[in-house]
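Biologist: I am new to this kind of picture. Please walk me through how to read it, one feature at a time.

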Amino acid sequence: MGLVPARARALAATRFPRIDCRSIGRRALQRPSRTQASLIQRFIAANSRLSAKFDARKDVALYHRYDRYVADAIDTLPPGSTLVDVGGGRTCSFASELAPGRGVRVVAVDISPEELAANTSVDATYVADVAEKLPFAEAEIDMLVSRTVLEHVKDVERAAYEMSRVLRPGGLSIHLFPCRYALFAIVARVLPFWFAKGVLHRLIPESRGVVEFDVYYDHCHPAAAERIFREAGFVRVEVEHTWDQAAYFHAFFPAFLLVLAYQRLCGLLQIRLLASYVIVRVHR
Ligand SMILES: C[S@@+](CC[C@H](N)C(=O)[O-])C[C@H]1O[C@@H](n2cnc3c(N)ncnc32)[C@H](O)[C@@H]1O
């Protein structure tokens, strides 16, 4: 060891407060990103508020119309009838419309036991894949409905045959589903689904718990749906659709405006293939 001058020795003996350089670095990195995150959140919130002011939400109107069709049809069923909510999931959207003591049994069938476990709005639940086998005998069911389910089914043609098998002659079936050539559906099919879902959850927090299941959009457009239901033995096929889909783009006002113009153009030209949502009503 060399000789250390007295001043240097005194300096070495001084106790300086410990400075943790790594934590300074972390804080320096964190603070701007938190600020950025809150700026982005505020930007999205402001854009969403502005977009909402200009959005007529005909897609929401179509959902309400579905509930009304189902509730009105239930009113015509005799007591003791059975209605099946295919892909019933956690809740039955029209349950609140049912008059107490109507005597119509509502049964939810779903591929997911976890989803059904949360469903308290029906009389019974069954776990089954609609494209495999529904747990009912031929012509046992009086009415059969589904809301935002067919886009998740790999083989909708097979599902249509299975629903046709269990529905009694004359029985009504009503389905609401989004369509494969809607802009949001194209995005969901082109990008890895986990990624598209993650982005959507960030942009539209209400989509958590709703947009969760893998999508295939098999035969999910007006003409294809009409054809497969007819081929499966259904008659009096009625299809209603909307092109409304701009709500998916609320988070960025310029994109929302572009989509608004796009859906108006589709409506003007009546391009059914590009519909965003449909309701299909068919009789057995
Ligand atoms: C978006 S959720 C809709 C739930 C409910 N119908 C509603 O409107 O709130 C789609 C549901 O379809 C179910 N599902 C997906 N594929 C299915 C299949 N092949 N057979 C039966 N249910 C299925 C899912 O498990 C999920 O509960």
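Predicted model: local features only at pLDDT ≥ 70, side-chain atom pairs only at ≥ 80, totals over all residues.

Modeller: Gladly! Residues are numbered from 1 along each chain as its sequence is written.

Biologist: How many helices and strands does the protein chain have?

Modeller: The protein chain has 9 helices and 7 strands. Of its 284 residues, 32% are buried. A residue is buried if 20 or more other C-beta atoms lie within 10 Å of its own, exposed if 12 or fewer, and partly exposed in between, with C-beta atoms placed from the backbone.

Biologist: And what do contacts tell me?

Modeller: Two residues are in contact if their C-beta atoms, placed from the backbone, lie within 7 Å. Among contacts in the protein chain with a separation of 6 or more, 73% join residues 24 or more positions apart. Arg 165 sits in helix α5 (residues 156-166) and counts as partly exposed because 18 other C-beta atoms lie within 10 Å.

Biologist: Which strands pair with β1?

Modeller: Two strands pair if DSSP finds at least two bridges between them. Strand β2 (residues 105-110) runs parallel to β1 and is joined to it by 5 bridges; there, Val 84 has Val 107 as its bridge partner. Strand β4 (residues 141-147) also pairs with β1 in the parallel sense, over 4 bridges, and Leu 83 is bridged to Met 143.

Biologist: Where do I find antiparallel pairing?

Modeller: Look at β7 (277-283). Strand β5 (residues 167-178) runs antiparallel to β7, with 7 bridges joining them, and Ser 173 stands opposite Val 282. β6 (235-242) is antiparallel to β7 too, through 6 bridges, with Glu 238 opposite Arg 281. In β7, 6 of the 7 residues are buried.

Biologist: Now a helix. Which residues of α8 are buried?

Modeller: An α-helix has 3.6 residues a turn, so residues three or four places apart point the same way. In α8 (residues 222-231), Ala 225, Ile 228 and Phe 229 are the buried ones. They lie on the same side of α8 because their arc around the axis is only 100°, taking the directions from the helix axis to the C-beta atoms. The exposed Ala 223 and Glu 231 are on the face turned away from that buried side. The elements covering the buried residues of α8 include α5, β6 and β7.

Biologist: What does Phe 229 touch?

Modeller: Leaving out residues up to four places away in sequence, Phe 229 touches Ala 160, Phe 234, Val 237, Val 280 and Val 282. Phe 229 is also among the residues with the most contacts inside the largest nonpolar core, which has 60 residues. Such a core is a set of buried Ala, Val, Leu, Ile, Met, Phe, Trp, Tyr and Cys residues joined through C-beta atoms within 7 Å.

Biologist: What about backbone angles?

Modeller: Most residues other than glycine have a negative phi. Thr 148 has a positive value near 50°; it is found in the loop between β4 and α5. His 219 has a positive phi of about 55°, in the loop between α7 (193-203) and α8. His 219 counts as buried because it has 22 C-beta neighbours inside 10 Å, whereas Thr 148, with 19, is partly exposed. After α8 comes Gly 233, with a positive phi near 105°.

Biologist: Finally, how many residues surround the ligand?

Modeller: There are 18, the closest being Gly 87, Gly 89, Ser 112, Arg 147 and His 152. Here a residue is near a molecule if its C-beta atom, placed from the backbone, lies within 6 Å of it.

Notes
Helix = DSSP H or I, 4+ residues; strand = E, 2+ residues; numbered from the N terminus.
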